[in-house]
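Good morning, colleagues. Please look at the sequence and the coordinates as they come up, and I shall then take you through selected parts of the fold.

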Amino acid sequence: MTLALGMPTVRGAAPSTEGRPEHVGLVDRFGRVARDLRVSITEKCSLRCTYCMPEEGLPAIPREDLLTAAEIARLVGIGARDLGIREVRFTGGEPLTRGDLIDIVRLSAAAAPGVPLAMTTNGIGLDARAAALRDAGLSRINVSLDTIDREHFARLTRRDRLPRVLAGLAAAASAGLGPIKVNAVLMRETLADAPDLLAFALDHGLHLRFIEQMPLDADAAWRRDHMVPAAELLSVLAGRFALTPVGRADDPSSPAEEWQVEDGPATVGIIASVTRSFCAACDRTRITAEGTVRSCLFGDDETDLRGLLRGGASDRDIADRWRAAMWNKQSGHGIDAAGFAPPARSMGAIGG
Ligand code: SF4
């Protein structure tokens, strides 16, 4: 059975597993094993970044279609216990827009003891909830911040809310949610701000990573010849800082390549998602806010788990369908392939 959501193709039945070895984990046809789970919990956001959301926001997901806190925690538990998941990250949209976020974290921590729980956030509202999130079991946080120029921030995000992001960053540090990573999408409009952003990160003990923009914007305005490649960023940063390449320093499976800044120990990371794709080593699996498995950011073929969750299925049945979904993961984003078409869902509807 196939359910039409008006966007991706959503399978209500398990995809074929022909040729799949007896592997307990989330292996795919290319031999990759997914251990990093991204769970999108909402499509709502308090910003409207031009590379992500349309100005009017994404169409609202009916409340009854969103996974509940208990359903999310059950999937996190199945992932950790039965499928080899080693890290869970909550994304959106903006996770802080969800009123039951603390419950989601608390129940997930109980369902997957010992598995680090992280969150990617724009930081707005974090000042009020950072300590409660830590107490609920959140271990790490990534804050999205592309510039510390207030006017440029307001133009890029279509909201004048930089002070609220900075308040969120400060609260996360005070709550002990460090080391905090800051993710900055490389945009031509803010490229000249990159050295100031790096200086800010160094001053505040934040680990900054720049990310090449991918064609996941809701407005479909991305152009290969307009995007900022990692090499161009490096030449801009090199105008102010001495940078020494140190490879993938902290985690071999991390997509970020690191550069030591001045004499260290601080580093800056660059995630060259487009010009130096890391798809061949991808270890990610995604659950959307409506409870579908999305095996790849760019794969519009999704597999429904919500129907199983609400239909009385066993954990084993759910794990089997999740494995089948991942077995069919595509080889990579294919941005440079002839005939490439961006996915139906934008970044805000998938989770980063
Ligand atoms: S594009 Fe797909 S395969 Fe490549 S890193 Fe992203 S999720 Fe993994």
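I shall begin with the ligand and then turn to the strands.

This is a predicted model, in which local features need pLDDT of at least 70 and side-chain atom pairs count only at pLDDT 80 or more, while totals for chains, interfaces and linings use all residues. Residues are numbered from 1 along each chain as its sequence is written, and side-chain values use heavy atoms, with hydrogens and water left out.

First, the ligand. Which residues are around the ligand? They are Arg 32, Phe 278, Cys 279, Cys 282, Arg 286, Cys 296, Leu 297, Phe 298, Gly 332 and His 333, where a residue qualifies if one of its heavy atoms lies within 4 Å of the molecule. This shell divides into 6 nonpolar, 2 polar and 2 charged residues; Ala, Val, Leu, Ile, Met, Phe, Trp, Tyr, Cys and Pro count as nonpolar, Asp, Glu, Lys and Arg as charged, and the others, Gly among them, as polar.

Let us take Arg 32 from that shell. Arg 32 sits in the loop between strand S3 (26-27) and strand S4 (33-34). Strands here are DSSP runs of E with at least two residues, helices are runs of H or I with at least four, and both are numbered from the N terminus. Is Arg 32 buried or exposed? Arg 32 is buried, because its relative accessible area is 7%, and buried means under 20%, with exposed over 50% and partly exposed in between (1.4 Å probe, protein chains only). A polar atom of the Arg 32 side chain lies 2.8 Å from the backbone oxygen of Cys 279.

Next, the parallel strands. Strands S7 (residues 117-121) and S8 (residues 140-144) pair in the parallel sense over 4 bridges; pairing requires that DSSP finds at least two bridges between two strands. Between S7 and S8 the chain passes through helix H3 (residues 126-136), in a right-handed β-α-β crossover. Right-handed means that, with the strands pointing away from the viewer, the path from the first strand over the helix to the second runs clockwise. S8 also runs parallel to strand S9 (residues 181-186), joined by 3 bridges, with Val 143 opposite Val 182.

Finally, the antiparallel strands. Strand S12 (residues 257-261) pairs in the antiparallel sense with S11 (residues 243-247) over 4 bridges, and with S13 (residues 267-271) over 4 bridges. In S12, 4 of its 5 residues are buried. The hairpin of S12 and S13 has 5 residues between the strands, and there Glu 262 takes a positive phi near 50°.

Technical notes: Polar contact = N/O pair within 3.5 Å; in protein donor to acceptor, adjacent residues only side chain to side chain.
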